[in-house]
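Please read the note below with the model open beside it, and check each point against the chains as you go.

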Amino acid sequence: MTPSTLQTLPQGIEYVRILPEIVLSAFGIVIMLLDPLVDQRRSSRMLGTIALIGSLAAIAASQYQTQCPPGTAFWDMVRVDAFSIFFHIVVTTVTAVVILTSFEYMDVQQLHAGEYYALVLFGAVGMCLMSSAVELVLIFIALEISSISTYILAGYRRRVAISSESSVKYFLLGSFATAFFLYGVALMFGATGSTSIAKIGETLNAGPVPLLAYVAIALMFVGLGFKVAAAPFHIWTPDVYEGAPAPIVGFMSTAPKAAVFAVLLRVLFEAHAPGRLWLIWVVAALSMTLGNIGALVQDNIKRLLAYSSIAHAGYLLVAFAALPSSGIPAAMFYTAAYAAMNVGCFAVISHFASAGERRVTLEDYAGLGRRSPILAATLTLFLLSLIGIPITGGFFAKFYVFSAALQADLVGLTVIGVLNSAVGAYYYLRVIVMMYMREPREETPVAPIPFGLGAALAISGFATLYLGLLPGRVLEYARSAAALLR
Amino acid sequence: MTPNLHLWLIPVLPLVGAAINGFLGRRFSRQTVAAVALGFCGAAFAMAIAVATQFSSLPVVPHIETLAHWMRAGAFQADFAFYLDQLSFVMLLVVTGVGFLIHIYSVGYMWEEGGFYRFFSYLNLFMFFMLTLVLANNYLLMFIGWEGVGLASYLLIGFWFLKDSAASAGKKAFIVNRIGDFGFLIALFLLIQHFGSLTFAEVFQKIDAMNPETAGAGLLSTIGILLMVGAAGKSAQIPLYVWLPDAMEGPTPVSALIHAATMVTAGVYMVARSHVIFEHAPTALMVVAITGTLTALFAATIGIAQTDIKKVLAYSTVSQLGYMFIACGVGAFSAGIFHLMTHAFFKGLLFLAAGSVIHAIGGEQDMRKMGGLRTKIPWTFWTMTAGTFAIAGFPPLAGFFSKDEILWRAYQTNWIYWAIGVFTAFLTSFYMFRQWFLTFFGEYRGEADHAHGDQTRAGVPAPHGHGGIHESPAIMLVPLVILAVLSVAGGWVGASRFELFLSPVFYSHNSGHLIAPSSEEAAQMRQMESLESTLTMVSVAAAGLGLFLAWLLYYRRPKLPQQIAESLGGFYTAVLSKYYVDELYATLFVKPLVDGSTRILWHTIDQGVIDTTLDDTADSARDVSDTARRMQSGNIRSYAGWVAVGAAAVIAYMIWVGTR
Amino acid sequence: MAPITTLHYLVVAAALFVLGVVGVLTRRNVVVVLMSIELILNAVNLNLVAFSRIWGLQGQIFSIFVITDAAAEAAVGLGILIAFFRNKETVNVDEVDLLKW
């Protein structure tokens, strides 16, 4: 930092480059301020609506960013380009869908809404910031903003023992992993003398790579791998997902993952991290296998989808082992498709779970096809997408990832991945079979689908089908964005 | 100026029908549901006919119509585009024609069933995906149709989902198909990687441009074999055939449409469509031929031991698909497609007729409880007779021409294929006539009051509340008659004319096959012709032998096979009994066949090895899963331990990389 | 007496890091586990300050951020712990075991 940059205050355009974050924070603060002022009984709806408006405004802000010239802001801390806007849109859209899902959930579970919506928005701030940060200090802070929000949200049903337990587990293990990441950042600073990813990239690319940098990459990888639930750092996922409130699981299995994958892409590719290939190879293979095998015998649908999310992190990492030119767009596409289908799944789950999250085992889903055809049909769509059946986004996601891997001659990894997705079909299909081919255990009608949930399902269903039918535009955008990263 | 045929309408019409019935059908009367389903399917058939009338006047074949751009990512692109050449033209007519007839039949067959609208919605959905598959301009669109038909088939097999066996059969079909699909998918990745395209025309052009001697033989063989893995899954070839017999849990019209006439032939179509790849990959061709031969023989032998009328037809379908793959494997793609077409006629007919039999006697499927139905359901009897003679390969019925052509082409490649093929033809004739005699001749062996048959077997057509064995309604008989006519006459077009029609597809790339013979070759040709007629006589004789044996064992001496089967210990007494000659036949043929088929092939290999392997794999996977989840002890300190161990491993690896 | 070099700081930091990790793995009281995590963060701070000797102020500024974050994390962590304690009346990590398999 030269004295001249210190003396120049940020320009207007630089604020535009953190506009989604500003919008989300402002709305979050407004909610926090209003919470004690409004009537308790009406607060849930009102604050939820404000949060929804906030997330929609953030989507609009991200859209607006595409109109502005790409560039850096705040002394090269943040860079907004097609790459980060892509993740901004994924994160903000997921946030909107989660808020829509939560409307009814908060009422049914009788939870206090105030901090909930604020925390969702603050979490989204961290995630947006993560995808545009190009400076390890800022990445760390963004990571913590997002993590701390989700720690609290995981335990939001605080009178329920498993929810607060999931929060404790997530918090202790999460901060343990963050400590590893931080230690890695410190060592990287020591090895290269900078915390800016671009400068680190230059240094590592230019000369002999000090051993310290290898250790730093390893430690950072541990921290980030933990956040995306990649094996062998996946172990917290099933417990935390089982205990956390269903809409929040939908949130934290998609948005922070997308953001952390963005960071991983930047750290691994832009910083020219050395020696990554076999590391990722093994981690990807392990995640896919452990995730799918673990899911086979699960009877709790949230737990089942937790293992599934480990497996999907594995598929996604396959793209990281591929060449940047095809791997980065494939990873970006996968992130978007996975976000759409998984957040949709959890929208259905949070509605069906009912008060106290009573109905979360596979047995409960028996006969859902008859009891609520629309709910069953949308869940089927998302599950088919998770399997990777054509005309859903999940198909092209896997398709691009595996074809990218084959282009990089990763035959072994592709075969492991393809076999794994064959295994995966089994347990997703179990849910579908349950819904359509078993007698319902209870005949009580499922509560009608409220407007918010309907909108959430419509958005995620549309996104899943759009990515499955017309993946071209998104992929082309991802490709142009990825070109900026190298 | 190329005319616009609006090809996209052909698949989309049934989709509209599926959507209307699926979303609104619950409120419709049965008549309305049937009218919607038949209307849109019939419209697709009419479109196909309209295409047929204009086909000869098309200036350019293949005729390609692009509906919309789908995706363009870098150099790779795929469109929603449709590809009409002679091959897809034949498939189009077969699929829409047979499909439409089976739709009509289903109206009668399913009339009493619950979920009427759901059934027709699925059936129309199936037509949409099947037509997409057939008309696709690139592998990706084809793959979408390919997966879609699998999905529709899964829904239809599991249609009577309250029946446990139906639900699990549906699941099995889906999962076995996934295994095949992944072969297909990897083949597609390889095509993208090496040719940068999935459009048929582009890929084939690039392959033709390769030096056939050196370049890429290994690559093309790999792609070919992977495509064959996909085809084996969809078309029920060894070792992925296990789902098809189980799929008979679905309603009979579904078996006719999906598991006999159309979907299961998709694999054959795909191999024929990819003939350019296979022609450059002799190894892959050999794999196709050997798989086909083994499957044909294996399934036919299992067919002998079946007592369920639909299971016989199921194994027969597997066996006949084997014939089609033999044809493709010896490079006679048009013969394979010819057999695909005639098979669609007669096997569709046989399934529908079997459905009519089942319908007539109140849901019974066990042939041992049938018999003597010839006079009671004459229409069904005569149409089924046509189908049986056609599949057995008696001239001048359709099956004769196509099977004969395959066997002749197989002989030219390797006489072993031919020999096994002829033996299979004998077996085919035997088990089909066994079925014919058991069902229609002799005395009725069912319960007297069959109409109130076993109600606990949810899924079979419900009792009709009227006594007596009754002929099916006209709406079911009309399709039977039309298909019977086609089974009789469908082969008269002749294999050579059929081949000539398809020749632009199969020979445009390496011309030379169809050049007019020079004078020196003419003599050789005559010699070949005499050989061909000898071989034809051999295969007809084999069919005749099968008929004779079935007649002997199941008509003249209907008790005999049972005695033989029971008399394992008292075998010598049986030989000493007065039917000495019959016993000899029995000893020579029936006992080894029936016994071998039941014990070794069906029980041991089919159910014992292949089925159990699949089941065991699933079981052991669950065991592993159970063990694996013990890792998840729930204890935070052990979780932190895993993170620390993982971190240590990653750091150690990175240090190793760094110091290397 | 030899001068204290950057390496010395790094060794002390590494030792702190290992102590922290071992603490997380072996201690049963959740509060002590939390303290062990803080120990790792302090190892990070030590590293950053030590590297500042070579690369300039940036590391020290970073360490201030880390201290702030550690404070936030501790606050939230204790809150979560209290909520948990109300449900189960224990702060023993080995009794956090409702969710497993």
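The numbered points below take up the chains, then where they touch, and then two single residues.

1. This is a predicted model, in which local features need pLDDT of at least 70 and side-chain atom pairs count only at pLDDT 80 or more, while totals for chains, interfaces and linings use all residues. Residues are numbered from 1 along each chain as its sequence is written, and chains are lettered from A and ligands numbered from 1 in the order in which they are written.

2. Chain A has 22 helices and 2 strands, where helices (H or I, at least four residues) and strands (E, at least two) are DSSP runs numbered from the N terminus. The radius of gyration of chain A is 21 Å, close to the 23 Å that the globule rule gives for 486 residues, so chain A is as compact as a globular protein of that length. That radius is taken over C-alpha atoms, and the globule rule is 2.2 Å times the number of residues to the power 0.38. Along the principal axes, the C-alpha trace of chain A spans about 70 × 60 × 40 Å.

3. Of the 486 residues in chain A, 69% are buried; a residue is buried if 20 or more other C-beta atoms lie within 10 Å of its own, exposed if 12 or fewer, and partly exposed in between, with C-beta atoms placed from the backbone. Among the contacts in chain A with a separation of 6 or more, 81% are between residues 24 or more positions apart, and two residues are in contact if their C-beta atoms, placed from the backbone, lie within 7 Å.

4. Chain C contains 3 helices and 0 strands, in the pattern α-α-α along the sequence. Its radius of gyration is 17 Å, whereas a compact globule of 101 residues would have one near 13 Å, and the C-alpha atoms of chain C fill a box of roughly 55 × 25 × 25 Å along the principal axes. In chain C, 35% of the 101 residues count as buried, and residues 24 or more positions apart account for 48% of the contacts with a separation of 6 or more.

5. Where chains A and B meet, 50 residues of chain A are in contact with 50 residues of chain B. The elements of chain A that give two or more residues to this side include helix 8 (161–192), helix 14 (276–295) and helix 20 (411–437). By class, the side of chain A that touches chain B has 41 nonpolar, 5 polar and 4 charged residues; here Ala, Val, Leu, Ile, Met, Phe, Trp, Tyr, Cys and Pro count as nonpolar, Asp, Glu, Lys and Arg as charged, and the others, Gly among them, as polar.

6. Phe182(B), in helix 6 (residues 164–195) of chain B, is buried because 23 other C-beta atoms lie within 10 Å. Leaving aside its neighbours within four places in sequence, Phe182(B) is in contact with Val418(A) and Ala422(A).

7. Between chains C and A, 33 residues of chain C are in contact with 32 residues of chain A. Helix 3 of chain C gives the most to the side of chain C that touches chain A, with 16 residues, and by class that side has 24 nonpolar, 5 polar and 4 charged residues.

8. Ser62(A) is found in helix 4 (residues 40–67) of chain A, and Ser62(A) counts as buried because it has 24 C-beta neighbours inside 10 Å. Leaving aside its neighbours within four places in sequence, Ser62(A) has contacts that include Pro20(A), Ile85(A) and His88(A).
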